[in-house]
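Hi,

Here is the structure I promised to pass on. Have a look at it first, and my notes on what turned up follow below.

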Amino acid sequence: KQWYQRRVRVGCLDHVSFDLSLARGLDYYTGAIFEAVLAPDAKGESVGSVAGGGRYDNLVGMFAAKGRSIPCVGVSLGIERLFTIMEKRMEKKQSQLYPGVSSVRTEGSLEGEDEAAKPAVG
């Protein structure tokens, strides 16, 4: 009930869901677990979860002094999936800016370019 009320107050209820069937395959989680999934695009395509994690109090305690409990929450990001999403969005934007063009190439001089490679002015 508190979870729901907080989402209503913040105004993000349309963007967050609560799923009691979510399970992660690692036994060191000691509390809530979470997963971040981007909504499917206009074509209905999705890459799955882009982040996940949870509470794992006992894991860090294994490496601490005897009997010491260290509460922890961690998250991992799916960098490869995020890059895939960014590349697709860039391709889509490029195709909207330049319809019918498969790639755009710009030419110009770069700072530090070899002097011999520059055309002679005369």
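The lining of the second largest pocket has seven charged residues, alongside six nonpolar and three polar ones. (For these classes, Ala, Val, Leu, Ile, Met, Phe, Trp, Tyr, Cys and Pro count as nonpolar, Asp, Glu, Lys and Arg as charged, and the others, Gly among them, as polar.) That lining comes to 16 residues, and Asp-41, Ala-42, Lys-88, Arg-89 and Lys-92 are the ones nearest the pocket's centre. The space inside is about 430 Å³.

Before the rest, a word on where this comes from. The model is predicted, so to speak of local features a pLDDT of at least 70 is needed, side-chain atom pairs count only at pLDDT 80 or more, and totals for chains, interfaces and linings use all residues. Numbering starts from 1 along each chain as its sequence is written, and side-chain values use heavy atoms, with hydrogens and water left out.

Now the largest pocket, which holds about 550 Å³ of space. Its lining takes in 17 residues, with Ser-17, Leu-22, Ile-33, Phe-34 and Glu-35 nearest the centre. The largest share, four residues, is from β1. By class, the lining of the largest pocket splits into 10 nonpolar, three polar and four charged residues.

In case you wonder what counts as a pocket: on a 1 Å grid over the protein atoms alone, it is an open set of points where a 1.4 Å probe fits, with protein on both sides within 12 Å along at least five of seven lines, and lining residues have an atom within 4 Å of a point. The volume is the space filled by probe spheres set on those points, which are joined across faces, edges and corners.

On the overall fold, the protein has three helices and three strands, in the order α-β-β-α-β-α along the sequence. (Helices are DSSP runs of H or I with at least four residues, strands are runs of E with at least two, and both are numbered from the N terminus.) Of the 122 residues, 11% are buried, where buried means under 20% relative accessible area, exposed over 50% and partly exposed in between, with a 1.4 Å probe and protein chains only. Taking contacts between residues at least 6 apart in sequence, 37% join residues at least 24 apart; a contact here is heavy atoms within 4.5 Å.

Which rings make an edge-to-face pair? The count comes to one aromatic pair, and it is Tyr-29 with Tyr-56: their ring centres are 6.3 Å apart and their planes at 80 degrees, so the pair is edge-to-face. (Rings of Phe, Tyr and Trp, the last by its six-membered ring, pair if their centres lie within 6.5 Å; planes under 30 degrees apart are stacked, over 60 edge-to-face and the rest tilted.) Tyr-29 is in the loop between α1 and β1 and Tyr-56 in the loop between β2 and α2 (57-61), so the pair ties together parts 27 residues apart in sequence. Both Tyr-29 and Tyr-56 are buried.

Strand β2 is worth a click too. Val-50 sits in this strand and counts as buried at 8% relative accessibility. Beyond its neighbours within four places in sequence, Val-50 is in contact with a set of residues including Ala-36, Leu-38, Leu-77, Leu-82 and Ile-85. Ala-51, also placed in β2, is buried with a relative accessible area of 12%. Not counting residues up to four places away, Ala-51 touches Glu-35, Ala-36, Val-75, Ser-76 and Leu-77.

Buried or exposed, what is Ala-39? Ala-39, in the loop between β1 and β2, counts as exposed at 67% relative accessibility. Its C-alpha is 8.8 Å from that of His-15, 24 residues away along the chain.

Cheers
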